[in-house]
Structure formats: C-alpha cells, structure tokens
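Biologist: I would like to learn how to read a structure like this one. Could we go through it together, feature by feature?

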Amino acid sequence: MLLGQLIDFDRDNPYEKVFVDTDNFGASYLQQLEDLYVQAPTDSLQFEILNDLAYYWHTRNLIKALNFTEEGLKCSLAKGDMLWHGRFQITQGAILLRMEKLDKAQEVLEEAKAKVQTKDLPFLNTQLGYVYERRGQLDKAADYALEGLQLGEELNDKKAIALAYSDLSNIFWKQAKYDKGLKYGIKSVVIFEERGIIDLDYDFTLYVVANNFLKLNRYEEALKYYEHSLAIGERYGFYNNLSDVYISLVDLYAYLGKYRKAESAGLNAVKYATYLDNDFMLMRSWLSIGKLQNLQGKYKYAIESLQKSLDVATAEFGDEYYLSQVYEALGKAYAGNHDYMEAYKAFSKYDGLKKEIFTAESDQRIALLQTEFEVAQKEDTILMQQGTIRKQKSNQMLTSIITGLLLFLLIVGFVAIRINRRKNKLLQQQNRKRNF
C-alpha cells in the first residue's frame, strides 16, 4: 500500500487532515504530525495539526496526549485565539475523561461551549455524553447522543450522525436491549462506510455492533466485526480499541469453550491497556480474565484477578456499570470457593450498584427519548411527503396552465392563419376582376 504525504507546506492544501481528508497512512502518522506542526506557516494551521496530534495520541498514551493538549491551550491563549482554545479544551476533556477525571472533564467541556463554533458542538456533546455514561447516568448520556444527532442532521454532518447512532447503540447494549443496540449500531456502520473514511469512531462502532451480536448469541457475526475492528486498530495504533476488542473476545471464546484463545485474548487486553496506561481499560481487562477463570472453575485465581480489577479502579472510579460486573463476578468466585460470607458481601455491592444504574426512571427516560426521536423522524418524513405532494400539485397546476396557454395560442394562431388566408383569397379575386 502506497501511503500519502499528510503535510506538504508547498501544496495548495498543506495539510490533509487525518481521518477527515484521508485515511491513507499507517501507524507512523503521529510522528509525521509531531515532526512538522511547528513549521506550519500560520497559527491556525499549526493549531489544527497540534490538536489532531494531541487527540489521537490519546489512543496510545494519555500522558503524552495531555502534554500536547496543554501546549495547544497555552499557545492559543497566548495568541488570543479563543476559538482554538475552546477546541483544545474539547480534546482536553476527551483525554481527562479517559483518565477517569470525570468532574474535570465535564468542567472544561462546559467551558468550551461558549468558545467554539456550532460545527464543533456534536463532538463536544459526544464527550459530555461519555462523561454521563461512565457515571452510569445512561438517560443523560442518551440526551447528549440525541442532541448530537439533531445537530448532525441540521449541519448535514455525516460523521456526527454516525457517531450519535454509535453512542445510542452502546447505551442500549449497556441496558441489555441488544436488538435496539444492534439496530442503531448497524445504522452507524452504514453511514460511516458511506462517508468512506476509516477512523477511530468507525473502529469503535464495529466493536459495539459485535458486542450486541455477542449478547444475541450470534457468535460468527460478532467475531467478523471484532476481527475487522482489530485490523483497523493494528493499522493505526488504536490501543484503546484493541484493548476493548480483546476484552470482548475473552467472553466470545469462553462462550465457545475455546479457553486457550480466551486466555490469550485476556493477556492482549492487559498488554494494550498497559501500553495506554489507562486504568479503565486495565480494570476491565482483569474483569474479563476473572470471569473466564470463574467459567473454568479456577475460583482462587478468579478472586485474585477480580481483586486486581478493584485495586485498579480505586474509590474514585466513576463507571458503576463495570464496577457492578466486578462485584457480581467476585460473588460467584467466592461462592465457588465456598467463602459464602464474602460472596454475600460482593453480591450486596452488586445489587446496590445495579439499582443505581438501572433505575425505572432512567429506563423510562431513555424509552421516552427514543419515542420522541422516532416520532420526530416520522413527522419529518410526513412533512417531507406533504411538501413533495404540494410541490407535485403546484407542478401539475403550472403544467395545466402552461398547456392551456399553449393551446390558446395555437387556436389564436390557427384562426389568424385562416383569416389571413381568406383575406389573401379575397384580394386575389379582386385583382383578377380588375385585370378583366
């Protein structure tokens, strides 16, 4: 594969924006951006390249990503460019979110709203939605996904629309509504593929679709999507997505009874989470290994792995959904090891967390949001149909009027011709009489 040159300051378009203008590059693209952004001839171009560099480093190393973001914040502030300062804050929020600093992430994202343009808001809303999703507030996460969808449609932004559908798919998966999750995930994949650019979010959506297939026991389809996601992750160095997929592959291979493959997937999940230095990924990697060990009847090992998961999470860990899963698996491990008092404590924690996440109010709110969204789509369709009918009627009326006018003109012309002929005949007769 011949890879394109992303940056050439002598071209009319000096920077082919990564994952927007092109995806024709490999994992070394971050080094290209790092080497050349300081040479950009204008501040805005330098900020654009630096922001992409900062954002996409978060797929490999969160600390390095944050360092580039802080450089961007400092430089844009020094230049008095508040638009780019706001855009760097969106990137900063995305990174802080993945570092489990949810409150700080929300703070900078809210502050960025007043600085950026409307076209930046769908991506900003996506990050705010992730904040609430990680807190277990799935109804608020769905609010932001639907707001992003509405903005995407108003702006005719295919990426924003696809991303919103992807977020909704993930939320329904967390709610165990896998058919709905699959429906929205497939919608997202179709739009991403129509857009024609392979990127981080397309990669993540393949993973989300596979998760829904997995829970519907459609293992072959799940594996196909996981393998596609892995290929993209390895090409571009998306360590976060690679860890995600390997975590899910532990479950898939375990369901199929392929325990060696499941164990290998678990080790890969830990490897990429460690590369990324991401506690959220590492916590979930040890959770997947603990669940596998439960299935194998290795309860002592499962307790150790699940305890590692809790140790990584710490008391400030925000994602109650995955914490509930750890305590559920830990309860099973203790019960399998005949330590019933510890099993009772773990299951009590699990029940408490589950009640906080899957409240009736949250469930009803998401159902209502979905209904409102579907009704709005139907109303838009009806309005479009009514508009089309009105336009057709107007066209038919205009056609009738034009046809009538043409017919009238033809008749007038025909009558005029006949009158002229009669006049000509009469003149001819009169001329003949004179000649005689």
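Modeller: Let us begin with one term: two residues are in contact, or touch, when they have heavy atoms within 4.5 Å of each other. Before we use it, note that this is a predicted model, where local features need pLDDT of at least 70, side-chain atom pairs count only at pLDDT 80 or more, and totals for chains, interfaces and linings use all residues. Residues are numbered from 1 along each chain as its sequence is written, and side-chain values use heavy atoms, with hydrogens and water left out.

Biologist: Which residues does Gln89 touch, not counting residues up to four places away in sequence?

Modeller: Gln89 touches Leu73, Val108, Leu109, Glu111, Ala112 and Lys115. Gln89 itself lies in helix 4 (residues 82-98); helices (H or I, at least four residues) and strands (E, at least two) are DSSP runs, numbered from the N terminus.

Biologist: Is Gln89 buried or exposed?

Modeller: Buried means under 20% relative accessible area, exposed over 50%, and partly exposed in between (1.4 Å probe, protein chains only). Gln89 has a relative accessible area of 4%, so Gln89 is buried. Leu66, in helix 3 (residues 62-78), is also buried, at 11%. Leaving out residues up to four places away in sequence, Leu66 touches Gln92, Ile95, Leu96 and Met99.

Biologist: And what does the whole chain look like?

Modeller: The protein chain has 18 helices and 0 strands. Of its 436 residues, 49% are buried. Among contacts with a separation of 6 or more, 62% join residues 24 or more positions apart.

Biologist: How do I read a pair of packed helices?

Modeller: Two packed helices are described by the angle between their axes and the distance between the axes. Axes are lines fitted to C-alpha atoms, for helices over the stretch in contact, and angles run from 0 to 180 degrees between N-to-C directions. Here, the axes of helix 14 (residues 279-295) and helix 16 (residues 320-336) come within 10 Å and cross at roughly 30 degrees. That makes the two helices roughly parallel (under 35 degrees; over 145 is roughly antiparallel, 65 to 115 roughly perpendicular and the rest oblique).

Biologist: Which residues make the contact of helix 14 with helix 16?

Modeller: Helix 14 brings Phe280, Met283, Arg284, Leu287, Lys291 and Asn294, while helix 16 brings Tyr322, Leu323, Gln325, Val326, Ala329, Lys332 and Ala333. By class, they divide into 8 nonpolar, 2 polar and 3 charged (Ala, Val, Leu, Ile, Met, Phe, Trp, Tyr, Cys and Pro count as nonpolar, Asp, Glu, Lys and Arg as charged, and the others, Gly among them, as polar).
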